[in-house]
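Please consult the sequence and the model shown here.

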Amino acid sequence: MGENNNYKELIEKAKGAMENAYAPYSDFKVGAALLAKDGRIFSGCNVENAAYGPSNCAERTAIFKAVSEGVRDFEAIAIVGGKAGAIEDFCPPCGVCRQVMSEFCDKDFRIVLEGKDGAQKTFTLGELLPESFSL
Ligand code: THU
């Protein structure tokens, strides 16, 4: 996986992860697939909770899975989502997930989105979270 590809495999893995979304409250299912610099892929889905607050987004599930396995260097993440798992539009990461990405990823980390009918958009983290906070 280099810079000059469209991350097709990563998007397919994100779609597969979306199948596991636990979203009985919003019915909005999200899947993410995170590509580490060593080539490993960590997938994640959103996991909701009856108390709402403890719910976790797909992106953070994938990032936390990787970090908990000792992996912290990342190249890209693919994200798909939609009501009842139907991809009708792009699903950009929420602000909390962007901040979590900024903890581990450089400004050139790539965020790959697939929307309706296979339309694709790619952003860098620097574009989606400019002037980010860090210590
Ligand atoms: N969600 C994600 O998993 N990722 C995002 O980037 C946006 C929102 C989840 C959280 C919640 O389970 C559902 O989508 C509706 O907000």
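The points below cover the basis of the model, the ligand shell and the sheet.

The model is predicted: local features require pLDDT of at least 70, side-chain atom pairs count only at pLDDT 80 or more, and totals for chains, interfaces and linings use all residues. Residues are numbered from 1 along each chain as its sequence is written, and side-chain values use heavy atoms, with hydrogens and water left out.

**Ligand shell**

- Ser26, Phe28, Val30, Asn46, Glu48, Cys57, Ala58, Glu59, Pro92, Pro93 and Cys94 surround the ligand (a heavy atom within 4 Å of it).
- By class, these shell residues comprise seven nonpolar, two polar and two charged (Ala, Val, Leu, Ile, Met, Phe, Trp, Tyr, Cys and Pro are nonpolar; Asp, Glu, Lys and Arg are charged; the others, Gly among them, are polar).

**Polar contacts** (N or O pairs within 3.5 Å)

- A polar side-chain atom of Glu48 is 2.5 Å from a ligand oxygen atom.
- Pro92 places a backbone N or O atom 3.5 Å from an oxygen atom of the ligand, and for a polar backbone atom of Cys94 the distance to a ligand oxygen is 3.3 Å.
- The ligand alone exposes 370 Å², of which the protein buries 77% (Shrake-Rupley method, 1.4 Å probe).
- Two or more shell residues come from each of β1 (28-36) and α2 (58-68) (DSSP runs: helices H or I, at least four residues; strands E, at least two; numbered from the N terminus).

**Sheet**

- An open, mixed sheet of five strands has the order β2-β1-β3-β4-β5 (pairing requires at least two DSSP bridges).
- β2 (41-45) and β5 (120-124) are the edge strands.
- β4 (residues 110-114) pairs with β5 in the antiparallel sense over five bridges; Leu113 has Lys121 in β5 as its bridge partner.

Notes:
Polar contact = N/O pair within 3.5 Å; in protein donor to acceptor, adjacent residues only side chain to side chain.
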